[in-house]
Every structure is written in C-alpha cells, then in structure tokens.
Amino acid sequence: MFQNDAFRALGRQECLRLLAEVPVGRVVYTRHALPAVLPINFSLDTDASVLLRTSPDSDLVRAIDGVVVAFEADEFDAATRSGWSVVVTGRATVVTDPVEHERLLHTGPTSWMPLRDAVFVRIESEMATGRELSDRRGITRP
C-alpha cells in the first residue's frame, strides 16, 4: 500500500475546532432511498452537536428527524494544495423542548434563507473524523 505523508488524520477535538471555523457544511442523508447532500449553514453547540436552523415544513426535517446522518465541512486552498475535511456522524433530531428552542433562538445558527418560523435540528457528534492535506512536494509558492 502506498503511504502518503501529505494526509494527516485529525483527532476529535481538532475536528470540532476546525468545524467551528467555517459557516457552511453539507448534510448527507437518504431521500427517497437515494443519497442526498444539502449545503447548509450551521453552528456547533456547547455539547459539540451540529445545529441547523430550517423551516419546519422542509423536506430536510422530514427526511432526517430521528435518523443517523453525516455532516461534512471542509476548507481547501487550491493554490497551496492544502486544507482539511471533517465528517460528523450521528442521530439528527428536531429540538422540541420549548426552553431549549428559546435558548437556540439566541445562541444557535441563523439561517441564510429568510424563515418565518424556524426549527432547530441537532446532529449528535457521535463520531467526528477528519483529515488534513498539506502540499509536501517541496514547491515554494510566492
């Protein structure tokens, strides 16, 4: 097997730290028995859960409530051929507790889409894996 030292596996805490630095990721789930990917803005909660804010009538809410999903975010720089990618896997649930919902209205993510009503979806970070890519070819860039 070819070993490539340009890739480095990231630990859980490093994955969560990197996730907190970017505003948009992708939810990976199943829709009509087929894989689906949806870009969405998010934030991390104090317990390291991924939080989404969306419409209560959205297809996303119906498809992922109570289901294990993946959430991926990344950041890459083509000029330096470097970056990272993190995947969180866990159960997604709609936040139904009124006190928790009220807290998230103030501390949770804001939607980039206009919403009249909003629900929050929590994705538990049961697994957090990631890898970092760095350009190890020894090329000096301006």
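Predicted model: local features only at pLDDT ≥ 70, side-chain atom pairs only at ≥ 80, totals over all residues.

1. Leaving aside neighbours within four places in sequence, M127 is in contact with R12, V87, V88 and T89, where contact means heavy atoms within 4.5 Å. M127 is found in strand 9 (residues 127-133), and it counts as partly exposed, at 48% relative accessibility; here buried stands for under 20% relative accessible area, exposed for over 50%, and partly exposed for values in between, with a 1.4 Å probe and protein chains only. The C-alpha atoms of M127 and V86, which lie 41 residues apart along the chain, are separated by 10 Å.

2. Residues are numbered from 1 along each chain as its sequence is written, and side-chain values use heavy atoms, with hydrogens and water left out.

3. As to overall layout, the chain holds 3 helices and 9 strands, which follow one another from the N terminus as β-α-β-β-β-β-α-β-β-α-β-β; helices (H or I, at least four residues) and strands (E, at least two) are DSSP runs, numbered from the N terminus. Taken along the principal axes, the box filled by the C-alpha atoms is roughly 55 × 35 × 25 Å. Of the 142 residues, 39% count as buried, and among contacts between residues at least 6 apart in sequence, 68% join residues at least 24 apart.

4. Which residues have the most contacts inside the largest nonpolar core? They are F42, L52, I64 and F71, in a core of 29 residues, a nonpolar core being a set of buried Ala, Val, Leu, Ile, Met, Phe, Trp, Tyr and Cys residues joined through side-chain atoms within 4.5 Å. Among the elements that each supply at least two residues of this core are helix 1 (12-19), helix 2 (59-64), strand 6 (67-77) and strand 8 (119-123), whereas strand 7 gives the most, with 5 residues. In soluble globular proteins, nonpolar side chains tend to be buried together. Not counting residues up to four places away in sequence, I64 touches Y29, L52, V69, A92 and V121.

5. Strand 5 deserves a separate comment, since 5 of its 5 residues are buried. In a regular strand the side chains alternate between the two faces of the sheet. Both faces of strand 5 are covered, with V50, L52 and T54 buried on one side and L51 and R53 buried on the other.

6. Most residues other than glycine have a negative phi, and most peptide bonds are trans. In the hairpin formed by strand 4 and strand 5, with 5 residues between them, A48 in the turn has a positive phi of about 75°, and this alanine is buried, with a relative accessible area of 15%. In the hairpin of strand 2 and strand 3, with 2 residues between them, the turn residue H32 has a positive phi of about 55°, and H32 is exposed, at a relative accessible area of 73%.

7. Strand 2 and strand 3 run antiparallel and are joined by 8 bridges, and the bridge partner of T30 in strand 3 is P35. G25 has its place in strand 2 and counts as buried, at 0% relative accessibility. Leaving aside neighbours within four places in sequence, G25 is in contact with L38, P39, I40, F42, F71, E72 and A73. The C-alpha atoms of G25 and L38, 13 residues apart along the chain, are separated by 8.3 Å.

Key: Pairing = 2+ DSSP bridges.
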